[in-house]
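Reader: I would like to learn how to read the features of a structure like the one below. Please take them one at a time.

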Amino acid sequence: MGEPDEVHRRLEEVAMDAYRRGVDYLHVGGTFAELCAVMEQPLREAGAWNMGPVVQTVSPVIYNGATHVGLDLQPGLAGVPLPHTTPRDGDFVIEPGIAFAFEPNACLDRSRVSIGGTVIVTDHGVEELNSLCLRVNVV
């Protein structure tokens, strides 16, 4: 497919920023709502939107972040039928041992980049379980 164009590289930066901010925020005693807000902020700052949640839990609780944050700022999608917006599932206080799927995705009109990885919060901080899919890889 070749090198990503300028739009996709910019979306990669936005998604990577959302991921990094999430890792920097994640801590015991924080809340899922705050984590979602922190990870959604780079999308808002860039005028982007997200198709799927930027974060969801894996275990032992199941919560999803909101979809379509910033969709109202996408004039190129006027008239395009899209699924309805799904709000954040709720809130909980983050405890040790909860695993998260960090999957920040950034869209501008019909262009999209999605990165991410599994992150676990521990008594001693955050453990990131993978690094390969934290950026766009060109082979």
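Reader: In what order do the elements of the protein chain run from the N terminus on?

Author: This is a predicted model. The order is α-α-β-β-β-β-β-β, and the secondary structure comes to two helices and six strands. The radius of gyration of the chain is 15 Å, close to the 14 Å that the globule rule gives for 139 residues, so the chain is as compact as a globular protein of that length.

Reader: What box do the C-alpha atoms fill?

Author: Along the principal axes, the box is roughly 45 × 35 × 20 Å.

Reader: What share of the residues counts as buried?

Author: The cut-off for buried is under 20% relative accessible area. Of the 139 residues, 39% count as buried. The accessible surface of the chain comes to about 7,400 Å², and 54% of that belongs to carbon and sulfur atoms.

Reader: Is His-68 buried or exposed?

Author: His-68 has 7% relative accessibility, so this residue counts as buried. Its place is in the loop between β1 (55–59) and β2 (99–102).

Reader: Which residues does His-68 touch, not counting those up to four places away in sequence?

Author: His-68 touches Trp-49, Asn-50 and Met-51, and also Pro-83, His-84 and Thr-85.

Reader: How far apart are the mean positions of the positive and negative charges?

Author: The chain has 9 positive and 19 negative charges, and their mean positions are 5 Å apart.

Conventions:
Residues are numbered from 1 along each chain as its sequence is written. This is a predicted model: local features need pLDDT of at least 70, side-chain atom pairs count only at pLDDT 80 or more; totals for chains, interfaces and linings use all residues. Side-chain values use heavy atoms; hydrogens and water are left out. Helices (H or I, at least four residues) and strands (E, at least two) are DSSP runs, numbered from the N terminus. Buried means under 20% relative accessible area, exposed over 50%, partly exposed in between (1.4 Å probe, protein chains only). Contact means heavy atoms within 4.5 Å. The radius of gyration is taken over C-alpha atoms; the globule rule is 2.2 Å times the number of residues to the power 0.38. Accessible areas come from the Shrake-Rupley method with a 1.4 Å probe; for residues, only the protein chains shown count as cover. Lys and Arg count as positive and Asp and Glu as negative; His and the chain ends are not counted. The place of a charge is taken as NZ of Lys, CZ of Arg, CG of Asp or CD of Glu.
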